[in-house]
Amino acid sequence: MSHVLAAVAWPYANGPRHIGHVSGFGVPSDVFSRYMRMAGHDVLMVSGTDEHGTPIQVQADADGVTPRQLADRYNRVIVEDLHGLGLSYDLFTRTTTRNHYAIVQELFEGLHRNGYIVARTTLGAISPSTGRTLPDRYIEGTCPICGYDGARGDQCDNCGNQLDPEQLVNPRSRINGETPQFVETEHFFLDLPAFAEAIGGWLDRRENWRPNVLKFSRNLLDDLQPRAITRDLEWGVPIPLDGWRDRADKRIYVWFDAVIGYLSASVEWARRTGDPEAWRQWWSADAQGKDALGYYFMGKDNIVFHSVIWPALLLGYSGEGDKAGAPGDLGKLNLPTEVVSSEYLTMEGKKFSSSRRVVIYVRDFLERYDADALRYFIAAAGPESNDTDFTWAEFVRRNNDELVAGWGNLVNRSISMAAKNFGEIPAAGELTDEDRAVLAVAKTGFTTVGELIGKHRQKAAIGEAMRVVAEANKYLSEQAPWKLKSDEDKPRQATVLHVALQVVSDANTLLTPFLPHSAQKVFELLGGVGVHAPMPRIEEVEDLDGGPSYPILTGDYTVGARWESVPLVAGTPLAAPKPVFRKLDPSVVEEELARLGGDES
Ligand SMILES: [Zn+2]
């Protein structure tokens with residue numbers, strides 16, 4: 001048994017999340033965490049909203065609110081969305097907590113002390129008419145990389161590359177259109193080349209990574225440059241050095257602060273449990289007795305931050321780059337065990353786009369459909385290792401043909417037959433070869449499905465679980481217990497139904513990481529009492545260090561089913577079941593397509 005950190009990418013708090021956001025890493029990280037807990041590991045699943053940086057400042061300016069007010073609004077929306085999907089975070093927090101600021105500054109100071117953060121003179125923009133600093137977000141121009149006219153001084157939204165304002169072709173002020181003047185100013189840089197060797201050695205020792213992630217990461221090492229970690233911006237974490245701390249115009253760059261969230265959220269979680277040092281069990285190489293494994297879940301556009309930059313920060317803080325050094329107060333920190341990157345989800349053949357209305361937000365989805373219907377689609381057909389298209393027709397088809405007609409039908413007919421004929425789980429008599437065969441298929445599922453989830457092959461894993469369902473449906477059709485009604489046949493009917501219900505119970509456990517909401521219902525239909533699949537709750541908490549209160553996601557996941565077959569107890573009362581899944585009318589396809597924006601905009 002190990003300590004398993006599930007570190008899930010931080011959603012940016014500038015709007016509600018659409019299903020593309022949660023398909024790549026939100027739901028898969030929850031499936032993984034639920035399985036690992038059921039298998040007996042100590043899982044710590046953390047994330048939060050990423051709330052600093054230029055885009056939030058720009059949007060807040062446009063909306064006439066402060067960046068904090070904008071972040072407050074979307075932090076709450078995102079917390080509710082993730083709660084609705086049943087994502088079992090031990091802590092889902094945010095980057096505007098005082099705890100996060102303190103941990104970010106601690107890492108900055110440790111890296112600086114060890115010589116991995118260097119000051120450099122760069123060109124900063126000022127407004128010629130006022131003589132004041134012109135923050136990056138107020139400069140736009142043509143992207144030198146892709147030619148997009150509308151790139152900002154820190155990033156091109158078209159190609160995603162990070163930029164410096166002076167790289168823009170035809171730079172101009174967004175305030176009054178004037179051409180900014182570039183003057184020398186000081187910024188801090190992370191000395192990434194000092195980690196090339198250490199990261200290369202670490203990547204060489206990685207096993208089981210998706211090959212494209214490993215190859216992409218290795219290639220990044222060939223051209224490492226020092227990377228700016230401060231910015232001309234007022235919204236962000238202050239720079240914790242004398243002479244800089246109180247400057248209102250310079251802040252730590254948002255990517256540097258956000259990636260540290262995995263650590264700060266772990267510390268916050270520990271502080272909230274009353275054992276402030278507990279986080280170390282998931283982060284410290286010296287942890288006694290148990291392994292400490294770290295799995296990081298993200299979309300493929302974020303690989304560089306998790307396979308190169310985050311390891312560089314951890315190595316530098318631990319004093320393990322080219323310049324050596326000593327660990328700071330947090331001690332030596334573990335590097336990721338695995339970087340699990342997903343591909344992209346598209347919608348009806350197009351990129352998700354809020355402005356063009358090629359989108360369905362999680363909230364709207366959950367108002368019209370069940371969370372498990374979406375979770376099923378994501379597991380069975382999500383962007384695990386290829387870019388994947390979400391279509392409403394395929395969503396309805398999978399819901400109706402697989403979830404309702406396959407799994408739901410098996411649950412419904414086996415339980416209703418047993419309820420009608422016995423009113424309880426009947427006792428089994430002597431088993432035939434057919435009985436033993438279908439029970440064995442279900443039992444084997446615990447090995448095959450578990451191993452596949454452990455290797456992040458969830459598509460294959462749910463396929464194996466659904467194969468158990470198909471075998472059970474076949475068994476029922478062949479044994480036809482509805483025909484075994486005579487007094488003479490009754491004992492055989494009891495045996496067949498007992499076996500069928502046992503396989504339903506096992507298949508339900510196999511499907512629990514994927515479909516936790518319906519798994520709880522099936523468990524109860526089989527006469528189970530208590531928690532089978534624990535759920536997260538939203539809790540309004542005080543900032544631990546005196547900041548404003550905020551909502552978190554958390555939960556008690558120590559309860560619930562284990563990853564094993566639990567023998568059903570004959571005589572457990574059964575009632576006629578209510579359907580667990582909803583069949584969707586094919587007309588919803590056209591309704592949903594009509595909601596999508598057209599091509600003209
Ligand atoms: Zn560009």
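## The second largest pocket

Helix α14, covering residues 433–454, contributes the most to the lining of the second largest pocket, with 3 residues. A helix here is a DSSP run of H or I with at least four residues, numbered from the N terminus. The model is predicted: local features need pLDDT of at least 70, and side-chain atom pairs count only at pLDDT 80 or more, while totals for chains, interfaces and linings use all residues. Residues are numbered from 1 along each chain as its sequence is written, and side-chain values use heavy atoms, without hydrogens and water.

In total, 17 residues line this pocket, and Asn208, Glu338, Gly454, Lys455 and His456 lie nearest its centre. A pocket is an open set of points on a 1 Å grid over the protein atoms alone where a 1.4 Å probe fits, with protein on both sides within 12 Å along at least five of seven lines; lining residues have an atom within 4 Å of a point. The lining comprises 2 nonpolar, 6 polar and 9 charged residues; Asp, Glu, Lys and Arg count as charged, Ala, Val, Leu, Ile, Met, Phe, Trp, Tyr, Cys and Pro as nonpolar, and the others, Gly among them, as polar.

## The whole protein

The protein contains 18 helices and 17 strands, a strand being a DSSP run of E with at least two residues. The C-alpha trace spans about 100 × 60 × 45 Å along its principal axes.

Of the 601 residues, 57% are buried, meaning under 20% relative accessible area with a 1.4 Å probe, protein chains only. Among contacts (heavy atoms within 4.5 Å) with a separation of 6 or more, 76% join residues 24 or more positions apart.

Technical notes: Buried < 20%, exposed > 50% of the residue type's maximum accessible area, 1.4 Å probe, protein only.
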